[in-house]
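Subject: Structure handover

Hi,

Here is the structure for you to look through. Please open it first, then read my notes below.

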Amino acid sequence: MKKILKSVLLLTTVWAFAGLSATAQPGSGGPGPGTPAGPTDVPIDGGVSLLLAGGVGYALRRLRQRRQQ
């Protein structure tokens with residue numbers, strides 16, 4: 001149990017630091033003033049991290065249920 005908690009904590013920490021390094025830089029996207037509006041890149045927001053965390057939690061729950069049977 002402790003091993004699982006440690007690995008979840010490690011993954012959460014890695015995701016947090018990856019999110020910090022993936023933040024948008026000023027002036028890195030979008031059309032500037034006076035340029036025609038075109039398609040721009042859309043950054044992936046924190047929702048993906050929540051989905052991943054939910055998936056990990058669900059997988060851990062299913063693994064625990066299998067071990068109890």
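The accessible surface of the protein comes to about 6400 Å². Of that surface, 65% belongs to carbon and sulfur atoms. Areas come from the Shrake-Rupley method with a 1.4 Å probe, and for residues only the protein chains shown count as cover.

A word on the source: this is a predicted model, where local features need pLDDT of at least 70 and side-chain atom pairs count only at pLDDT 80 or more, while totals for chains, interfaces and linings use all residues. Residues are numbered from 1 along each chain as its sequence is written, and side-chain values use heavy atoms, with hydrogens and water left out.

The fold

The protein has two helices and zero strands. Both terms refer to DSSP runs, numbered from the N terminus: helices are H or I with at least four residues, strands are E with at least two. Helix α1 covers residues 2-21, and helix α2 covers residues 47-68. Of the 69 residues, 1% count as buried. Buried means under 20% relative accessible area, exposed means over 50%, and partly exposed lies in between (1.4 Å probe, protein chains only).

L11 lies in helix α1. L11 and V56 are 45 residues apart in sequence, yet 9.7 Å apart in space, C-alpha to C-alpha.

L52 sits in helix α2. L52 has a relative accessible area of 44%, so L52 is partly exposed too. Its C-alpha atom is 9.6 Å from that of W15, 37 residues away along the chain.

L60 is also found in helix α2. Leaving aside neighbours within four places in sequence, L60 is in contact (heavy atoms within 4.5 Å) with I4 and V8.

The cavity

A cavity is a set of points on a 1 Å grid over the protein atoms alone, where a 1.4 Å probe fits but cannot get out. The count comes to one cavity of 30 Å³ or more. The largest cavity holds about 40 Å³ of space. Which residues line the largest cavity? They are I4, L60, L63, R64 and R67. Helix α2 gives the most to this lining, with four residues.

Best wishes

Methods. On a 1 Å grid over the protein atoms alone, a cavity is a set of points where a 1.4 Å probe fits but cannot get out, and a pocket is an open set with protein on both sides within 12 Å along at least five of seven lines; lining residues have an atom within 4 Å of a point. Grid points are joined across faces, edges and corners, and a volume is the space filled by probe spheres set on the points.
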